[in-house]
Amino acid sequence: MNQTLKDYAIWQAISDLEMYCRSRRNGTYLRVEIEDREAKPIVSHALRILELCNVNLAKDPYGFANVRIDYDRSQNEFFGRP
């Protein structure tokens, strides 16, 4: 996969998750269990894209439907790197 396309896909997926998922525990985790029917496929696809791009999603240690995205945004031009 072209690196620019991969970076854009990661940026879009993270942006979608941050838009549709609530932050938990001081913003460290995102709640990925969505009640809004229209947002469910968006969140599901975003999580799948991150998985396909080998972005680590750390699950909540307490078993809740929360994930933490372990990704260095400074390496992706779409996150505003000059």
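A: C21 touches L30, R31, V32, I34 and V43, leaving aside residues up to four places away in sequence; a contact means heavy atoms within 4.5 Å. The model is predicted, so local features need pLDDT of at least 70 and side-chain atom pairs count only at pLDDT 80 or more, while totals for chains, interfaces and linings use all residues. Residues are numbered from 1 along each chain as its sequence is written, and side-chain values use heavy atoms, without hydrogens and water.

C21 and V43 are also among the residues with the most contacts inside the largest nonpolar core, which has 16 residues. Such a core is a set of buried Ala, Val, Leu, Ile, Met, Phe, Trp, Tyr and Cys residues joined through side-chain atoms within 4.5 Å, where buried means under 20% relative accessible area, exposed over 50% and partly exposed in between (1.4 Å probe, protein chains only). At least two residues of this core come from each of α1 (3-20), α2 (40-52) and β4; helices (H or I, at least four residues) and strands (E, at least two) are DSSP runs, numbered from the N terminus. The largest share, 4 residues, is supplied by α1.

R31, one of the residues that C21 touches, stands opposite N66 in β4. Strand β2 (residues 29-31) pairs with β4 (residues 66-70) in the antiparallel sense over 2 bridges, pairing being assigned if DSSP finds at least two bridges between two strands. Strand β3 (residues 56-59) also runs antiparallel to β4, joined by 4 bridges, and N56 stands opposite D70 there.
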